[in-house]
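Have a look at the structure first, and then we can walk through it together.

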Amino acid sequence: MRIFDPHIHMTSRTTDDYARMAAAGIAAMVEPSFWLGQPRTNPGSFTDYFDSILGWEPYRAAQFGVVHHATIALNPKEANDPRCRPVLDLLPRYLDKDRVVAVGEIGYDSMTPEEDDAFERQLALAVEHELPALVHTPHRDKAAGTRRTLDLVKASGIEPGRVAVDHLNEVTIELVHGSGCWMGFSIYPETKMSPPRMVELLRRYGTERVLVNSAADWGVSDPLLTVETAEAMLAAGFDEDDVDRVMWRNPVEFYSQSGRLDLTGVTGAAEPTFAGSSIKRGGE
Ligand SMILES: [Zn+2]
């Protein structure tokens, strides 16, 4: 089984996570830039973070034989902070970098006018830089937020097939299915989607344009929930090819639209390629 996690925040995870993921068959991942919990107070704090997920994190992943790419954006929450908005002007030079496979996470948090503006400007950047867009849907007011997201995507002129609308559930899938956009699902241990609920949606809506991720970050989350979902699919009667489509070929197809997805380092095997401890320990 080969797995590609299309949305995971490895910056918040440990080397134990990398080792367990590699051993379970997770061979590739995309790390969207996001909100770090602690509010950032200046644009330099963002550029150091962007450099880290484009430089340090792929290096760390490679120690475990995992291929790492990133998406770059001003996230919806911090789009509301006037101290962070100048980041929008710094994005073009990042969007041209080799390991950047989409603009993201963009979208709505509280649906403010500032978020409208940042979302709109970053969809325009995606078009201009010929990149796909990874769109976060809000946790509150989810249906309204998803509707407004689709309206803005439509108005932007970006091709729907180049947009992934993420963090969907049983209600919001109805809105996105049929829009031409990709449908992303984050599998969480406690809230949002669980593996059995995801399997039920795959049974009902099929495997086309579906992306399944763990969205694991600094909150309660589990980087192996993609694997658990794959196993739940097999137990429910989906075959290996269905699993490979959802867990590997779909994310490859979506991010390949950037022209920058480089999977040459993928071993394709479930065996971990990391056996020792050649990675430096934290702080060294
Ligand atoms: Zn995220």
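## Helix 7 and its neighbours

Which helices and strands do the buried residues of helix 7 pack against? They pack against helix 6 (173-176), strand 7 (182-186), strand 8 (210-213), helix 8 (225-235) and helix 9 (240-256); contact here means heavy atoms within 4.5 Å. Helices (H or I, at least four residues) and strands (E, at least two) are DSSP runs, numbered from the N terminus.

The buried set in helix 7 (residues 195-205) is Pro-195, Met-198, Val-199, Leu-201, Leu-202 and Tyr-205. These residues sit on the same side of helix 7 because they cover an arc of only 160 degrees around the axis, an arc taken from the directions from the helix axis to the C-beta atoms. On the face turned away from that side you will find the exposed residues Pro-196 and Arg-203. Buried means under 20% relative accessible area, exposed over 50%, and partly exposed in between (1.4 Å probe, protein chains only). After helix 7 comes Gly-206, with a positive phi near 85 degrees.

## About the model

This is a predicted model, in which local features need pLDDT of at least 70, side-chain atom pairs count only at pLDDT 80 or more, and totals for chains, interfaces and linings use all residues. Residues are numbered from 1 along each chain as its sequence is written, and side-chain values use heavy atoms, leaving out hydrogens and water.

## The zinc site

The zinc ion has His-7 (NE2), His-9 (NE2) and Glu-105 (OE) as its protein donors, 2.0 to 2.2 Å away. Donors are N, O and S atoms within 2.8 Å of the metal (3.2 Å for Na, K and Ca); water is not among the atoms, so sites may look incomplete.

His-7 lies in the loop between strand 1 (3-5) and helix 1 (15-23), and Glu-105 in strand 4 (residues 100-107), so this pair ties together parts that are 98 residues apart in sequence. Both His-7 and Glu-105 are buried.

Eight strands make an open sheet with parallel pairing, in the order 1-2-3-4-5-6-7-8; two strands pair if DSSP finds at least two bridges between them. Strands 1 and 8 stand at the edges with a single partner strand each, so one side of each has no neighbour in the sheet.

Strand 4 pairs with strand 5 (residues 133-136) in the parallel sense over three bridges. Ile-106 has Val-135 in strand 5 as its bridge partner.

## The whole protein

In total there are nine helices and eight strands. Of the 284 residues, 55% count as buried.
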